[in-house]
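User: I'm new to reading protein structures, and I'd like a close look at a single part. Could you pick one and walk me through its surroundings in plain terms?

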Amino acid sequence: VGIPSGIEHHAVDRAVGLLDGVDQLALDVGLEKGEFHIGEGRAKLREILPEGPRPVNSRVAPSLQVEVRAVDNQYLHIRKPRSSAPGGVHVPDKDTHISRIFRYLCVKTHPMTEFGFIEHIRTSFATLPDNGFEGIGDDCAVLPAGTDAEGREEVLLFTADLLTEGVHFLRRATPARELGRKALAVNLSDIAAMGGRPVATLLSIALPRDAAGTWAEEFMAGYRELSERYATALVGGDTTRSESGITINVTAIGRAPAAHVKRRSAARPGDVVFAAGELGASGAGLRDILAGRLDTPLAAAHRNPEPQVAEGLWLGAREEVHAMMDLSDGLASDLGHILERSAAGAEIDLERIPIAAGSDLRTAGGGEDYKLLFTAAADAAEELAAAFRARFGRPVYPIGRITAGRELVWMRDGRPEPLDWHGFTHY
Ligand code: ADP
Ligand code: MG
């Protein structure tokens, strides 16, 4: 949960102060004792948790524990509790409660936190009909789509991504043609991350007057180039004038055999965690761009992400591959999504993270590399890696393993090493 400095909410203010330098502590919700008092927030929690958990034995601590991990002054990571709460506590539906607490902390304290906002959307729309869709929370939404010619169950995949001038790109630093490719590439990457084949896109674009001519033509040339490379049709969209910068939204549609779809939620303890390419070129390129060095190879790598479409399809067809997603926000944040949705933990060996030339470990933990991150059954992992190399002429990199705990632990030389990484959030 990203919490910008200067927010007013008492509880979180205090938490941020208290958590400075603290590695981990328990947050007791609805109970006086504990290192961290929610203060006035407690009454509010009672309001939103009217049927909330009550301690069966008030001598034995907490009603509901949420682990709060201090990352730095501005970031709190709130995780679900390890196994069961102590003290024989009756918790009717832990997940619901935690998601409501999470939502409370994110939304009431800072409504514009990216993940908090998504969580708010997810919970408040969860009671509406899903009409057969598997919705928010993975790289794509999934819709069963009958059977293909060979009688296999098929699904359609849907994903959307937004690029905004000033947030995702600087116009003076980004040739329009490259942006056209990138706008499509980041969406194709999400289709690949599910194990699917991209088939069509819709493009909506808001253009200020000074971008309506040559800029727009160049942008479309880049968009067409990548559409041609991946054989995707452009089947709709919207075009409008903008009074404040360029905004581009792409919606991509993919298909896949239902059995090939890889979800974030499928990681199992014991799985090997793989990165399907080197990390950090994009982050190092962004560093160059921000320093005014626009024409370095790394800057070009940042502006020209290549979605791993063939790799995603190939990995989708392998049964031993369990969970998969694409690395868009950064290793810590993205792997965190897999762990959260799989109710698992991981140990990642820092020395095995494949770092692109010109990058370093910190940048490799940054975002926008668009390489696939996946987990695979341990007993098939070596053969999988060899088969991948034979097929693509490049390695996949085993970087750690999934554990039954709920922690993401960074390891160096077999020992845990504290690391204050957090992913890139867009605001
Ligand atoms: P990705 O990086 O793979 O594109 P995100 O982290 O952007 O995924 O989003 C996480 C999940 O939240 C995805 O399932 C996405 O579809 C969903 N999501 C993000 N923003 C919204 C929104 N405004 N409304 C509904 N769903 C959203
Ligand atoms: Mg993604």
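Analyst: **A helix and its neighbours**

Let's start with helix α9: its buried residues pack against α5 (176-193), β6, β10, β12 and α12. Contact here means heavy atoms within 4.5 Å. Buried means under 20% relative accessible area, exposed means over 50%, and partly exposed lies in between (1.4 Å probe, protein chains only). Helices (H or I, at least four residues) and strands (E, at least two) are DSSP runs, numbered from the N terminus.

A word on the ground rules before we go on. This is a predicted model, where local features need pLDDT of at least 70 and side-chain atom pairs count only at pLDDT 80 or more, while totals for chains, interfaces and linings use all residues. Residues are numbered from 1 along each chain as its sequence is written, chains are lettered from A and ligands numbered from 1 in the order in which they are written, and side-chain values use heavy atoms, with hydrogens and water left out.

Back to α9. Six of its eight residues are buried, so the helix is largely enclosed by the rest of the structure. Those buried residues are Val 309, Glu 311, Gly 312, Trp 314, Leu 315 and Gly 316.

Trp 314 and Phe 392 form an edge-to-face aromatic pair, with 6.0 Å centre to centre and 85 degrees between the planes. Trp 314 lies in α9 (residues 309-316) and Phe 392 in helix α12 (residues 378-392), so this pair ties together parts that are 78 residues apart in sequence. Rings of Phe, Tyr and Trp (its six-membered ring) pair if their centres lie within 6.5 Å; planes under 30 degrees apart count as stacked, over 60 as edge-to-face and the rest as tilted. Phe 392 is buried too, with a relative accessible area of 16%. Arg 391 lies over the face of Phe 392, at 4.3 Å from the ring centre. For a charge to sit over a ring, NZ of Lys or CZ of Arg must be within 6 Å of the ring centre and within 35 degrees of the ring normal.

β10 pairs with β12 (residues 372-376) in the antiparallel sense over four bridges, and Met 324 has Phe 374 as its bridge partner in β12. Two strands pair if DSSP finds at least two bridges between them. β12 itself is mostly covered, with five of its five residues buried. Leu 372, Phe 374 and Ala 376 are buried on one side, and Leu 373 and Thr 375 on the other. β12 is also joined to β9 (residues 272-275) by four bridges, the two running antiparallel; here Val 272 stands opposite Ala 376.

The other strand touching α9 is β6, which belongs to an open sheet of five strands in the order β4-β5-β8-β6-β7, with mixed pairing. β4 (141-147) and β7 (233-241) are at the edges with a single partner strand each, so one side of each is left without a neighbour in the sheet. β6 and β8 pair in the antiparallel sense over nine bridges, with Val 250 in β8 as the bridge partner of Leu 203. β6 and β7 pair in the parallel sense over eight bridges, and Leu 202 has Gly 236 in β7 as its bridge partner. From β6 the chain crosses through α6 to β7, in a right-handed β-α-β crossover. Right-handed means that, with the strands pointing away from the viewer, the path from the first strand over the helix to the second runs clockwise.

That brings us to α6 (residues 214-229), which lies across β6 (197-207), β7 and β8, running at about 170 degrees to β6. For such angles, axes are lines fitted to C-alpha atoms, for helices over the stretch in contact, and angles run from 0 to 180 degrees between N-to-C directions. Within α6, Trp 215 and Phe 219 are four residues apart, about one turn of the helix. Both are buried. Together with Tyr 223, Trp 215 and Phe 219 form one aromatic cluster.
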